[in-house]
Amino acid sequence: MSEKLKIETCLTPALLPLYNIENSIAVIIDIFRATSSICYGIENGAEAIIPVAQVEECAAYREKGSEYLLAAERNGEVVVGFDFGNSPFSYTKEKVAGKTVVLTTTNGTHALHLSRQAKKVVIGSFLNLTSLCNWLKFQEENILLVCAGWKNNFNLEDTLFAGAVINQLKASNYQLDDPGIAANDLFQLGKNDLNLYLQKTAHSERLKKLGIEEDIRFCLQVNLTTAIPVLEGENLVKLKE
């Protein structure tokens, strides 16, 4: 009998060296707000989103021409001198359709860069939850859910989303690890009112202090989009069916 496929859940990028990522599809998760904004931007026609690790790398694209939109966020705020940060409201059709966005964030792009050795790297959020899970089911590959966390620490919202993915895939007979079982248990606690359940999170508190509660509510909408951003070379682009 063939071995069961695995869904593993990495609760923070600091734990990634413990996983054999080369044998898995990596799903990058940064619910508040990078992966939600990436999904929304690709859905709204962004030509590509280029994730870079450092603010300086993002700034360097100024020299490459005016066709790039430069997006930089640190500690929840837009870095001074950049076009915008990682609020989903900056990724509307009017702003990003046909454009290439260069993006650096505190957590999400960090997790993505550490996951580049995976078989494939895709982006997950509540916005594209079901289309992502339906696609994953047909890949017949091991899956590693990479929670971006907060500065290499565990966070609740990314883990809860990992649980939401597991909830949709567990009937397909994947082998789960303990972090995945815990994530799914958390999702069962919070699924009836994600916004209420996640109001207690540390990142929610940080964003509230910045006056951007609307971003939180937006990022917790389920199945608003269907596009699956996938890493091709240096660019995140829309996965072709």
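1. **Contacts along the chain.** Among contacts between residues at least 6 apart in sequence, what percentage join residues at least 24 apart? The figure is 77%. Keep in mind that this is a predicted model.

2. **Overall form.** The chain has 241 residues, and a compact globule of that length would have a radius of gyration near 18 Å. The chain has 17 Å, which agrees. The C-alpha trace spans about 55 × 35 × 30 Å along its principal axes. Ten helices and eleven strands make up the secondary structure.

3. Buried residues account for 55% of the 241 residues. The chain exposes about 10700 Å². Carbon and sulfur atoms supply 49% of that area.

4. **Charge.** There are 23 positive and 29 negative side chains. How far apart are the centres of the two sets? They lie 2 Å apart.

5. **Leu160.** Find this residue in helix H6, which runs over residues 156-169. Is Leu160 buried or exposed? Leu160 counts as buried, because its relative accessibility is 0% and the cut-off for buried is under 20%. Now look at its partners. Leave aside neighbours within four places in sequence, and Leu160 is in contact with Phe126, Leu186, Phe187, Leu194, Tyr197 and Leu198. Leu239 is another matter: 79 residues separate Leu160 and Leu239 along the chain, and their C-alpha atoms are 24 Å apart.

6. **Helix H5 and its cover.** Helix H5 covers residues 129-137. Which of its residues are buried? They are Leu129, Ser131, Leu132, Cys133, Trp135 and Leu136. An α-helix has 3.6 residues a turn, so residues three or four places apart point the same way. Keep that spacing in mind when you look at the list. The cover over the buried residues of H5 includes strands E2 (24-29), E7 (120-124) and E8 (142-147). Helix H6 is also part of that cover.

7. **Cysteines.** How many disulfides are there? The count comes to zero. Take Cys39: the nearest cysteine sulfur belongs to Cys219 and is 9.9 Å away. Cys147 is in no disulfide either. For Cys147 the nearest cysteine sulfur is that of Cys10, at 7.3 Å. Both residues are out of the solvent by the relative accessibility rule: Cys39 counts as buried at 0%, and Cys147 counts as buried at 1%.

8. **A cis peptide bond.** Check the bond from Phe32 to Arg33. It is cis, with omega near 20 degrees. Arg33 sits in the loop between E2 and helix H1 (34-43). Most peptide bonds are trans, and most residues other than glycine have a negative phi. The next point takes up phi.

9. **Positive phi values.** Lys151 is not a glycine, but its phi is positive, near 50 degrees. Where is Lys151? Its place is the loop between E8 and H6. At 47% relative accessibility, Lys151 counts as partly exposed. Asn223 also has a positive phi, of about 60 degrees, without being a glycine. The loop that holds Asn223 lies between helix H10 (213-219) and strand E10 (229-232).

Note on methods: Residues numbered from 1 in each chain as written. Predicted model: local features only at pLDDT ≥ 70, side-chain atom pairs only at ≥ 80, totals over all residues. Heavy atoms only, no water. Helix = DSSP H or I, 4+ residues; strand = E, 2+ residues; numbered from the N terminus. Rg over C-alpha atoms; globule rule 2.2 N^0.38 Å. Buried < 20%, exposed > 50% of the residue type's maximum accessible area, 1.4 Å probe, protein only. Contact = heavy atoms within 4.5 Å. Areas by Shrake-Rupley, 256 points an atom, 1.4 Å probe, with all protein chains shown as cover. Lys, Arg positive; Asp, Glu negative; His and termini not counted. Charge placed at Lys NZ, Arg CZ, Asp CG, Glu CD. Disulfide = S-S within 2.5 Å.
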